[in-house]
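Biologist: Can you put the model up and take me through the ligand site and a helix pair?

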Amino acid sequence: MADRILVVDDELSMREFLSILLRREGYLVDVAASGEQALVAAQREWPAVVITDLNMPGMSGMELLREIKARAAQEARDVDVIMVTAFGSTESAVEAMRAGAADYVMKPFNNAELLLLVRRALERQGLELENTRLKTEVRGQFHFGNLVGSSKAMAEVYDLIRRVKDTRINCLIEGESGSGKEVVARAIHYSGVRRDQPFVAINCGAIPENLVESELFGHVKGAFTGALRDKQGLMKAAHGGTLFLDEVVSLPLPAQVTLLRALQERRFTPVGAVREVEVDVRLVAASNVHLEDAVADGSFREDLYYRLNVVRLVLPPLRERADDIPELVRHFLRRFSEEYGKELTSVSPQAMDLLRRYHYPGNVRELQNLVERAVALAAGPQLGVEDLPARLQGGSPTLRVADPAVPADFPPEGVNLDAILAAEEKRWLLKALDAADGSKTNAARLLQMTFRSFRYRLAKYGMDDG
Ligand SMILES: Nc1ncnc2c1ncn2[C@@H]1O[C@H](COP(=O)(O)OP(=O)(O)OP(=O)(O)O)[C@@H](O)[C@H]1O
Ligand SMILES: [Mg+2]
């Protein structure tokens with residue numbers, strides 16, 4: 001459903017102008033010519049955002065602000081009020097903010113600025129809603145272990161976990177480094193019927209090649225130099241439970257053969273032993289490369305691949321499920337505030353904006369580290385932009401727009417501002433398209449504009465290929 005915005009101004013031309021501007025962005029708009037009318041309108045259809053003039057005959061914008069905030073509190077509803085003040089009246093702007101206005105704009109205002117404030121307010125409300133929803137129902141229903149996130153991608157992951165947890169089906173988890181493969185592996189184990197049996201993890205990439213087989217399958221005393229006593233091996237240690245094979249692509253080919261046989265026959269022979277050992281192990285393998293590519297280039301056995309890949313869970317990189325970012329931020333904020341004994345309870349909209357737009361090459365692990373660092377640094381109750389590392393601010397248009405690119409002196413013939421702005425606009429459009437790998441939807445988001453508005457601008461410069 002489209003978001004509803006209530007425009008309040010005693011001037012007809014202003015009401016008309018704002019409704020056109022906002023409707024063009026796809027919002028539902030109601031108008032009121034006075035504070036009194038606004039309250040009636042709000043009674044009929046509760047608005048998500050109110051944009052009100054400060055100086056009106058009768059009830060002033062400030063009185064309307066107080067009244068509507070009081071009603072919102074009474075009825076447990078969310079509303080953001082943006083105050084429009086006359087140029088130069090900073091004092092009333094400050095007073096409005098104190099009285100609970102979300103923000104203010106000075107007349108004459110810049111359309112883009114006003115739209116940005118509206119979008120921010122709606123985004124914040126979305127977050128709060130998400131947060132309450134998270135606290136109430138999603139918790140019990142969707143949470144597996146420490147997994148956070150309710151994006152579509154994560155919902156699919158939960159669904160798969162639910163379906164495999166009580167079976168002994170082998171699973172393959174693929175995803176970039178830091179995307180949560182190990183948490184998912186643990187969730188499968190600890191939410192299923194094997195939860196009271198061991199969960200044994202082995203990182204195939206971290207063990208010297210010549211020791212992999214003895215680590216996995218054990219050895220008997222004297223099987224090779226250095227084998228001073230019998231060793232059980234992790235496969236046996238995981239008996240009845242789950243063996244987690246991390247970085248499975250690093251498993252040397254001979255070990256792959258032994259593993260395949262162990263999986264097929266549920267028994268194996270420890271290095272140097274004569275007697276076979278029987279095991280019942282569910283295998284969960286993880287890889288941060290596409291394992292099928294390793295099969296294609298011959299470094300991974302195809303038959304083993306099919307054994308492991310009975311169920312495949314793919315964890316998309318965090319940048320492709322940005323919807324999870326606010327939830328993850330709040331989750332880590334709670335966790336680290338507790339750990340560091342701080343009272344951090346919120347994130348400023350600007351900081352959340354930066355966090356949402358960053359591309360996280362290190363995925364959730366990187367986000368987690370960012371929040372931990374910010375919590376350690378933060379002085380107040382709110383996590384702000386200043387608590388985030390500079391690399392997040394690098395690509396932010398909002399912060400760069402203010403850069404003084406204007407020359408100190410004008411040439412005698414003057415400059416063509418329209419041409420300069422057009423060239424600049426084109427540069428940003430291209431840059432955003434590039435950063436979004438050609439996705440117009442994502443490029444529009446990077447520029448904080450609607451898809452439609454983005455496409456319109458592309459067309460204006462003949463850059464739209466349809
Ligand atoms: N969905 C999630 N919810 C909460 N925490 C998560 C989530 N995904 C990852 N994490 C956290 O991020 C960190 C990295 O996750 P994990 O170790 O599972 O990544 P990985 O995919 O195994 O990475 P690597 O390939 O580098 O081993 C962990 O501290 C984990 O707790
Ligand atoms: Mg891992």
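Predicted model: local features only at pLDDT ≥ 70, side-chain atom pairs only at ≥ 80, totals over all residues.

Biologist: Which domains does the assignment give?

Modeller: Domain 1 (4-131), domain 2 (154-316), domain 3 (322-400) and domain 4 (417-460), with bounds from an automatic or database domain assignment. The C-alpha centres of domain 2 and domain 4 lie 47 Å apart.

Biologist: How many residues surround ligand 1?

Modeller: There are 16, counting a residue if its C-beta atom, placed from the backbone, lies within 6 Å. Ser177, Gly180, Lys181, Glu182 and Val364 are the closest. Domain 2 and domain 3 each supply at least three residues of the shell.

Biologist: What do α13 and α14 do?

Modeller: The axes of α13 (residues 324-340) and α14 (residues 349-357) come within 9 Å and cross at roughly 120 degrees. Helices are DSSP runs (H or I, at least four residues), and axes are lines fitted to C-alpha atoms over the stretch in contact, with angles from 0 to 180 degrees between N-to-C directions. That angle makes α13 oblique to α14; oblique is what remains after under 35 degrees (roughly parallel), over 145 (roughly antiparallel) and 65 to 115 (roughly perpendicular).

Biologist: Which residues meet there?

Modeller: Ile325, Pro326 and Val329 in α13 meet Met352, Leu355 and Arg356 in α14, with contact meaning C-beta atoms, placed from the backbone, within 7 Å.

How values were computed:
Residues numbered from 1 in each chain as written. Chains lettered and ligands numbered in written order. Helix = DSSP H or I, 4+ residues; strand = E, 2+ residues; numbered from the N terminus. Contact = placed C-beta atoms within 7 Å.
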